[in-house]
Amino acid sequence: MFDLIIAGASVVDGSGSPPFTADIGVAGDRIAAVGKISESQGRRVIRADGLVACPGFVDVHSHSDYFLLLNPRAESAVRQGVTSEIGGNCGYSAAPIWGSWKEERDQTYRELYGLDPQWRGVREYFGQLAAEGLSINFGLLLGHNTIRGSVLGGAARPPDSGEMAAMIQAVRQGMQEGALGLSTGLIYAPACFASAEELATLGQVAREEGGLLTCHMRSEGDGLLEAIREILDVARTAQIPLQISHLKTSGERNWGKLTEALRLIEEARSRGQDVAADRYPYTASNTGLQAVLPAWALEGSRVEQLARLQDSSVRERLKRELTDRQWDRIMIAEVTREGNRRYEGLEVSQAAAVAGKGPVDFVCDLLVEEETRVDAIFFTMSEENLQQILTRPYVMVASDSGTRAHVGPLSRGRPHPRTFGTFPRVLGVYVREKRLLDLPVAIRKMTFDPCRRFGLAGRGLIAPGNFADVVLFDPDTVADRSSYREPIHYPHGIRYVLVNGVVTVEEGEHAGARAGRVLRRSNEGTRRGGPERG
Ligand SMILES: [Zn+2]
């Protein structure tokens, strides 16, 4: 007997192979059979004529570390068909974190969301997630920025030997407690103050423990090529597999660098270096508004940053240095103070005009009022380059977002539409409409490839013995409905989602199940060496 039979689906199994019609038998948390199954053998049958059945989507670039505790149903993720996320990206992880860095971060989440983080280490954090009960599976990368901040605060200098030892110890322990690797965000403080040598040393520790390195590079625009060379060197020195996060060419004057950027990556791959990348299917990025500031302005604690932004000589220097910023290409996405909500959805140039200020003064004043907690969307990328990147065989689909919902504190502001639309958008726009990707190839980029790369054993393929993380979607109607102006819309066409064998989305609605698990690095799932082909 099976607990559930998915009958008559067009199965796209995740491997990249063509679709085939079959029934899928689920027993407990596993796929027990794929083939011809009599419906009388199932306690429940879902008829899937006209629907595609594929493995649950795996979002390898998530920022849901804290949001999952506010939204354990993972509404925006699971309704896209996402069954697993990997958080802790861009150097920013919920754990490990300690000292004054933890106090400052905790205060932010307490004030904004009423969250009371109790953990320091990875084990404790995982314990809190498990106690909450999640609707999706969740794995974690160790954030280099978070670790460096915990050890050195926001200091713009190299660590001394004791500080380096403390960072090494944090990486080793975090890996041993189940993290999947190390992430770094080199445009963000305090990792922007770290040398390639520091990164390689920490990368080597992560490698010794079986992890990979993911990187938001030091530049994705003017210094893109230098940044790619730097991180390729770091990963080669550390002999660690490298995942370049959200690969892009930022800023119109840099769009022409794509050919050389891809050449650098592909040359490294052909030399045997294990490097891959991920990308979201949109041409705008999303991060804190303070990302417009140069590194020198980001040094120190938040209190020090805020004092600096109020200094008139600093303002004058910023006005001289930021002359080439395109303020009409940056949209204010979310603020924390009611009085500033009128700026949400406006470009900085418009918002500055509303406030009766120049853009630099407006940005500095807003960052001070909001204690730097301003989220912004940057329209800086090329659609043509996006399509070239997505078709590369070593590029996976990922959202680069934290899970949201249509109600509660996570429905505030105007989050990037990728939060609600990434995976259906690939299926609707880039598979069905533009025919840029074949369906099996697109599915593979969202399932098998991420699982293999991040060492998630028993997931990413529709095959007997694997965990029953399964999506049933309508290939004729699947579509994202989230836009920059109106982002909070769930997609069309995602009909059923199973997480570890439990129906979590039913007829497009969240069924309330919380069958997700913490994904710890397992020896069984550790990737083997060598580059991945295909
Ligand atoms: Zn990033």
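This is a predicted model: local features need pLDDT of at least 70, side-chain atom pairs count only at pLDDT 80 or more; totals for chains, interfaces and linings use all residues.
A residue is called buried here when its relative accessible area is under 20%, and exposed when that value is over 50%. Asn500 counts as buried because its relative accessibility is 3%. This residue sits in the loop between β18 (494–499) and β19 (502–506), and its backbone has a positive phi of about 50° although Asn500 is not a glycine.

Is Gln239 buried or exposed? Its relative accessibility is 66%, and therefore Gln239 counts as exposed.

We can turn next to the metal site. The zinc ion is held by three residues, namely Cys90 through its SG atom, His216 through ND1 and His246 through NE2, at 2.1 to 2.2 Å. Along the chain these donors follow the spacing C-x125-H-x29-H. Cys90 and His246 link distant parts of the chain, since 156 residues separate them: Cys90 belongs to the loop between β7 (82–87) and α3 (99–113), whereas His246 belongs to the loop between β11 (242–244) and α9 (258–270). Both Cys90 and His246 are buried.

The loop between β7 and α3 also contains Pro96, and the peptide bond that joins Ala95 to Pro96 is cis, with omega of about -5°. Another cis peptide bond runs from Ala189 to Pro190, where omega is near 0°, and Pro190 lies in the loop between β9 and α7.

In β9, 5 of its 5 residues are buried, so the strand is described as mostly covered, burial meaning under 20% relative accessible area. In a regular strand the side chains alternate between the two faces of the sheet. In β9 this can be followed residue by residue, for Gly181, Ser183 and Gly185 point one way while Leu182 and Thr184 point the other way, and all are buried.

What lies beside β9 in the sheet? On the one hand, β8 and β9 run parallel and are joined by 3 bridges, in which Gly143 has Ser183 of β9 as its bridge partner. On the other hand, β9 is joined by 5 bridges to strand β10 (residues 212–216), and this pair also runs parallel; here the bridge partner of Ser183 is Thr214 in β10. Between β9 and β10 the chain passes through α7, and this β-α-β crossover is right-handed.

Helix α5 (residues 144–152) is mostly covered as well, with 8 of its 9 residues buried. Among these buried residues are His144, Asn145, Arg148 and Leu152. Which elements cover them? The covering elements include α3, β8 (137–143), α6 (161–176), β9 (181–185) and α7 (196–208). Just after the helix, Gly153 takes a positive phi of about 60°.

In soluble globular proteins, nonpolar side chains tend to be buried together. In this model the largest nonpolar core has 98 residues, and those that touch the most other members are Phe57, Tyr125, Leu129, Val171, Leu242, Leu427 and Phe473. Helix α8 gives this core its largest share, 9 residues. Apart from this core lies another, of 27 residues, which includes Leu289, Leu309, Leu318 and Cys364.

A last stop is Asn286, which lies in strand β13 (residues 284–288). Why does Asn286 count as buried? It does so because its relative accessibility is 18%, and the cut-off for burial is under 20%. The side chain of Asn286 reaches the backbone oxygen of Ala376 at 2.8 Å. Not counting residues up to four places away in sequence, Asn286 touches Asp375, Ala376, Ile377, His416 and Arg418.

Note on methods: Residues are numbered from 1 along each chain as its sequence is written. Side-chain values use heavy atoms; hydrogens and water are left out. Donors are N, O and S atoms within 2.8 Å of the metal (3.2 Å for Na, K and Ca); water is not among the atoms, so sites may look incomplete. Helices (H or I, at least four residues) and strands (E, at least two) are DSSP runs, numbered from the N terminus. Buried means under 20% relative accessible area, exposed over 50%, partly exposed in between (1.4 Å probe, protein chains only). Contact means heavy atoms within 4.5 Å. Two strands pair if DSSP finds at least two bridges between them. A crossover is right-handed if, with the strands pointing away from the viewer, the path from the first strand over the helix to the second runs clockwise. A polar contact is a pair of N or O atoms within 3.5 Å; within protein, one must be able to donate a hydrogen and the other to accept it, and residues adjacent in sequence count only if both atoms are side-chain atoms. A nonpolar core is a set of buried Ala, Val, Leu, Ile, Met, Phe, Trp, Tyr and Cys residues joined through side-chain atoms within 4.5 Å.
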